[in-house]
Amino acid sequence: MYRDERTRFFHGRRGLGDRFDPYGFRLLAWAVDRRGLDGVATTNHDYYTPFSASRVVAIPGIEVSTTRGHVLVIGPNPPAETVALEYTPLETVELAHDRGCVAIVAHPFRNSTVAELEDVPFDAIEINGKHPRTRPLVEELAARRDLPLVGGSDAHYPFEAGRAYTVIDADVLTPESVVEAIRDGHVEARVDEGRFDRLLRRGYRAVHRRKHPDDALVSPTPGLGAPPGDDADETDR
């Protein structure tokens, strides 16, 4: 089982964040281990830094800010860095496949029009733990595109880790086995919606109301804004 996370509390300013990332990853590994999961995929916005941890398996990844929204690239050899809004979704998928990775539509109903692209060969669609109300819409989209679902917490803070995760049908958890399981559809997305997770959701709203505008990408990702049924201040900038 694994989930995708961030290792910092903000977007952009990589030079500043690089100093924090090792500490942030240790906190995430601790939080994920406490949740009883086996691995974590780190998918920071537009860059990848390798991590190793004794508590959990570290799965490499990056969240690419494409011209139409965010796409997760997960696998053994993600690109080290991308430029926001430089790649189209199709170019991102081709980049992922050329590097032995999978390309996953991230939060398709928040700040994204990626899911409208019927001819792009994505490998999976994410159910995002920040917006579980959109799950029926995501499931309908995945069924229409005949794609598997994966779960991701989209956590920027350790306390957010664990709201959504992916069950992997594999003998061992490695970047390669994750890629193979997703491509073969041997995955299951799960979302935790207990009392503790509802409290986390409130904490998320409070934190994002206080985030400084500089934490956002310089050029906002085009898309739909807040997901259906969610408050506008929950949008992940």
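This passage describes the overall make-up of a predicted model of a protein chain and then turns to two of its residues, Thr113 and Leu149.

In the predicted model, the protein chain contains six helices and ten strands. Of the 237 residues in the chain, 55% are buried, and the accessible surface of the chain comes to about 10400 Å², with carbon and sulfur atoms accounting for 50% of that area. When contacts between residues at least 6 apart in sequence are considered, 66% of them join residues that are at least 24 apart.

Thr113 is found in a loop, namely the one between strand β6 (102-105) and strand β7 (124-128). The relative accessible area of Thr113 is 15%, and because buried means under 20% relative accessible area, Thr113 is classed as buried. The side chain of Thr113 also takes part in a polar contact, in which the partner is the side chain of Arg68, at 2.6 Å.

Leu149, in turn, belongs to strand β8, which comprises residues 149-152. With a relative accessible area of 18%, Leu149 is buried. Leaving aside residues up to four places away in sequence, Leu149 touches Ile125, Ile127, Val138, Glu139, Ala142, Val187, Glu188 and Ala189. The position of Leu149 can also be described relative to Thr166: the two residues are 17 residues apart in sequence, and the separation from C-alpha to C-alpha is 8.4 Å in space.

Technical notes: Residues numbered from 1 in each chain as written. Predicted model: local features only at pLDDT ≥ 70, side-chain atom pairs only at ≥ 80, totals over all residues. Heavy atoms only, no water. Helix = DSSP H or I, 4+ residues; strand = E, 2+ residues; numbered from the N terminus. Buried < 20%, exposed > 50% of the residue type's maximum accessible area, 1.4 Å probe, protein only. Contact = heavy atoms within 4.5 Å. Areas by Shrake-Rupley, 256 points an atom, 1.4 Å probe, with all protein chains shown as cover. Polar contact = N/O pair within 3.5 Å; in protein donor to acceptor, adjacent residues only side chain to side chain.
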